[in-house]
Amino acid sequence: MARRVDVTGAGGVRLAAWEFGDPPKDHRDPAEHTAPDVPGVLLLHGLMGRASHWASTARRLSGRYRAVALDQRGHGRSDKPPHASFTRDAYVDDAEAALEQLRLGPTVLIGHAMGALTAWQLAAKRPDLVRGLVICDMRASALGAASQREWAEWFKTWPVPFATLADVRKWFGEDDPWVERPNPARGDFYAEVMAESPDGWRPVFDPEQMLRSREAWVFDAHWEELAQVRCPALVVRGLDGQLGRAEAQEMVRVLPRGRYAEVVDAGHLVHYDQPETWLAAVEPFLDSLGGD
């Protein structure tokens, strides 16, 4: 089951929100609407991701929560206007609009990579809407101009269009120069963000829009916003991910109510590499929120 709900984001950009499982129902209501006291969870993917990357997490959580995953602007099935804003404010305002229009707040925000940055910036901005925060493999330090140049060059190496989805999986899982060892989960991850066109398979996003999105955060550090997060927060890193242990633990220290978890045998795509151990790290944190 996947149910789409359209949301209007900042500047009128149409966003697609998705429920991948049935939330708990109010069985006292003949129409079996979602129970009024079911807590909400909003899941935010990373750069180049899409809501479907959260499907297994959302389905698992839907037994106790109304879990909604958002295709952020420029991603998935949300709008990709050529002249739209891809600033940090635009992404944060979109998530804020989604929470309000879906009536999810106060909610738990779960974000991966860029989506985690959006989540903690929104938690700092609107503490009334956020009661818990999960940060998955996202750094708070500035990455700098060299990192942005590397990404621009990386996009140029993609052999698009891909002839088949099998070619997508093989390139991103084995042949991509950024892959240190074969990683089938990475191949599957990128296969989900491809769409068939007349000449083959191409990404559903515009790489230039991705670079514009990334440009809005790679040159700055984001420790100040972390310090402004007042709700309980869990920092999760993959043992082989992009967020190092020392930086992750410093993020926990800076967060007023920070906690730490580590997922072994996982890279940057923690929730996708190891969904069971990822959930084993996250669910106790969600359980602990109680009346927070």
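**Sheet and helix packing in a predicted model**

User: How many bridges join strand S5 to strand S6?

Analyst: This is a predicted model in which local features need pLDDT of at least 70, side-chain atom pairs count only at pLDDT 80 or more, and totals for chains, interfaces and linings use all residues. Residues are numbered from 1 along each chain as its sequence is written, and side-chain values use heavy atoms, with hydrogens and water left out. Strands (E, at least two residues) and helices (H or I, at least four) are DSSP runs numbered from the N terminus, and two strands pair if DSSP finds at least two bridges between them. S5 (residues 107–112) and S6 (residues 130–136) run parallel, and the number of bridges joining them is six.

User: Which strands stand at the edges of the sheet?

Analyst: The open sheet has eight strands with mixed pairing, in the order S1-S2-S4-S3-S5-S6-S9-S10. Two of these strands have a single partner strand each, so one side of each is left without a neighbour in the sheet, and they are S1 (3–8) and S10 (258–263).

User: What angle does the direction of helix H11 make with that of S6?

Analyst: Helix H11 (residues 275–289) packs on the sheet, where H11 touches S5, S6, S9 and S10, contact meaning heavy atoms within 4.5 Å. Axes are lines fitted to C-alpha atoms, for helices over the stretch in contact, and angles run from 0 to 180 degrees between N-to-C directions. For H11 and S6 the angle is about 160 degrees.

User: At what angle do the axes of helices H5 and H6 cross?

Analyst: The axes of H5 (residues 165–175) and H6 (residues 184–191) come within 7 Å. Their crossing angle is roughly 130 degrees.
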